[in-house]
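Have the structure open as you read, and follow along from one part to the next.

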Amino acid sequence: MILTHSDFRTTSLLSAIRFCSVVVLAMTSVSTFNTARAETVLITGSNRGIGLEFAKQYAGRGWIVIATHRRNTPPETLTALAETYPDQVRVEQMDVSDQEQILALAEQLKGMPIDVILNNAALTSSFEDTTKHTFGTLDHSQFSRWMAVNAHGPLMVSEAFIENVKASKQKKIVSITSLLSSFGRNLGRPGKFYWDKASKVALNAVMFNLAHDLRNDGVIVALVSPGIVRVEKTMHLPRMPRQIDMSVSVDGLLAVIGQLTIEQTGSFTRYNGEPVPF
Ligand SMILES: NC(=O)c1ccc[n+]([C@@H]2O[C@H](COP(=O)([O-])OP(=O)(O)OC[C@H]3O[C@@H](n4cnc5c(N)ncnc54)[C@H](OP(=O)(O)O)[C@@H]3O)[C@@H](O)[C@H]2O)c1
């Protein structure tokens with residue numbers, strides 16, 4: 001087929017229009033989440049439990065929320081939240097034990113300042129079947145998985161998004177740990193929960209180390225404990241002594257995180273502001 005001069009002009013015009021549409025679309029999507037320069041939080045494991053409560057509360061306070069999950073399709077809880085806050089909540093897939101997925105999202109968010117990285121995702125103990133966590137009947141096939149998700153995952157996420165954090169105003173990396181990891185608090189109480197305790201102690205070590213490495217960059221690295229929180233998966237069980245609602249825990253944690261300064265880097269704090277010994 002031979003193209004005439006006017007065909008070329010039409011083709012060029014169409015290409016130019018297509019190019020402009022792509023640029024406008026790209027600018028729209030960046031500006032939707034960037035121009036207001038509201039503070040930004042990236043939350044791992046945000047489709048249920050404490051992570052979802054964080055996503056709701058941050059969005060309610062006007063933050064931009066990068067709500068991540070590990071599912072193959074966007075979880076309904078997050079699509080509903082994104083519908084409520086279309087200009088603030090962005091739902092992204094990221095399994096924290098999958099380095100490829102972490103790096104792919106980091107590439108996508110390159111250049112976007114992220115004020116708070118919230119390492120929340122974790123494997124958590126089942127209170128109904130404790131045999132897998134009890135000496136004598138331990139399920140050893142689970143150990144490396146727990147370490148991968150609860151300790152290695154937060155480290156990989158922190159490393160992948162460090163430039164985003166450094167470019168932000170608040171510069172915070174916060175990891176949710178547990179009183180079960182505090183030797184000073186007798187590991188919550190001694191016995192059982194081997195995988196939970198070992199992986200959270202490892203998380204604490206990794207984050208304590210990171211606090212040292214990032215101090216000169218002004219990045220605050222902190223560990224927080226949410227208390228004993230009633231989440232979806234424990235709703236059907238009788239209320240435990242001292243168990244609190246998600247809104248109470250997250251409300252307290254937001255205050256703790258909001259008040260963190262560089263002097264507190266490497267610290268371990270409960271949701272009510274009480275310092276926790278390692
Ligand atoms: N609840 C408490 O009483 C309590 C006490 C102390 C500490 N904590 C800590 O608080 C944090 C939140 O706990 P929670 O009670 O809300 O737990 P949860 O209800 O069990 O929720 C855990 C979340 O982590 C996600 N997740 C698990 N593996 C993941 C992976 N590989 N990649 C990405 N996401 C993953 C889950 O996704 P799926 O839905 O796909 O499984 C879910 O969204 C955890 O770090 C936990 O250790 C909780």
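## Around the ligand

By residue class, the shell around the ligand holds 11 nonpolar, nine polar and five charged residues. That shell has 25 residues, and the closest are G45, G49, I50, A121 and A122. Two elements, α2 (49–60) and β7 (228–230), each give two or more residues to the shell. Helix α2 provides the largest share, with three residues. Please keep in mind that this is a predicted model.

## The sheet

Seven strands make up an open sheet, and their order is β3-β2-β1-β4-β5-β6-β9, with parallel pairing. At the edges you will find β3 (89–93) and β9 (268–270), each of which pairs on one side only. On average, neighbouring strands of this sheet are turned by 20° against each other, direction ignored. As a reminder, the strands of a sheet pair through backbone hydrogen bonds, either parallel or antiparallel.

## Strand β4 and its neighbours

Strand β4 covers residues 116–119. It is joined to β1 (residues 40–43) by three bridges, and the two run parallel. Within this pair, L42 stands opposite I117, and I43 has L118 as its bridge partner. Strand β5 (residues 172–176) also runs parallel to β4, and four bridges join the two. Here V116 has K172 as its bridge partner.

Are the two faces of β4 covered or open? Both are covered: V116 and L118 are buried on one side, and I117 and N119 are buried on the other. In a regular strand, side chains alternate between the two faces of the sheet.

Helix α8 takes in residues 246–259, which makes 14 residues.

Which residues of α8 are buried? They are M246, S249, V250, G252, L253, V256 and I257. These residues cover an arc of only 160° around the axis, and therefore they sit on the same side of α8.

Start with K171, in the loop between α6 (162–166) and β5. Is K171 buried or exposed? It is buried, because 24 other C-beta atoms lie within 10 Å, and 20 or more is the cut-off for that label. The C-alpha atom of K171 is separated by 6.2 Å from that of I220, although the two residues are 49 apart along the chain.

The other two residues are picked out by their backbone angles. Most residues other than glycine have a negative phi. F193, however, has a phi near 45°, a positive value in a residue other than glycine. It belongs to the loop between β5 and α7 (194–214). F193 is buried, because 21 other C-beta atoms lie within 10 Å.

R242 also has a positive phi, near 65°, and is likewise a residue other than glycine. Look for R242 in the loop between β7 and β8 (243–245). R242 counts as exposed, because it has 7 C-beta neighbours inside 10 Å, and a residue is exposed with 12 or fewer.

Methods
Residues are numbered from 1 along each chain as its sequence is written. This is a predicted model: local features need pLDDT of at least 70, side-chain atom pairs count only at pLDDT 80 or more; totals for chains, interfaces and linings use all residues. A residue is near a molecule or strand if its C-beta atom, placed from the backbone, lies within 6 Å of it. Ala, Val, Leu, Ile, Met, Phe, Trp, Tyr, Cys and Pro count as nonpolar, Asp, Glu, Lys and Arg as charged, and the others, Gly among them, as polar. Two strands pair if DSSP finds at least two bridges between them. The expected span of a helix is 1.5 Å times one less than its number of residues. The arc is that of the directions from the helix axis to the C-beta atoms. Axes are lines fitted to C-alpha atoms, for helices over the stretch in contact, and angles run from 0 to 180 degrees between N-to-C directions.
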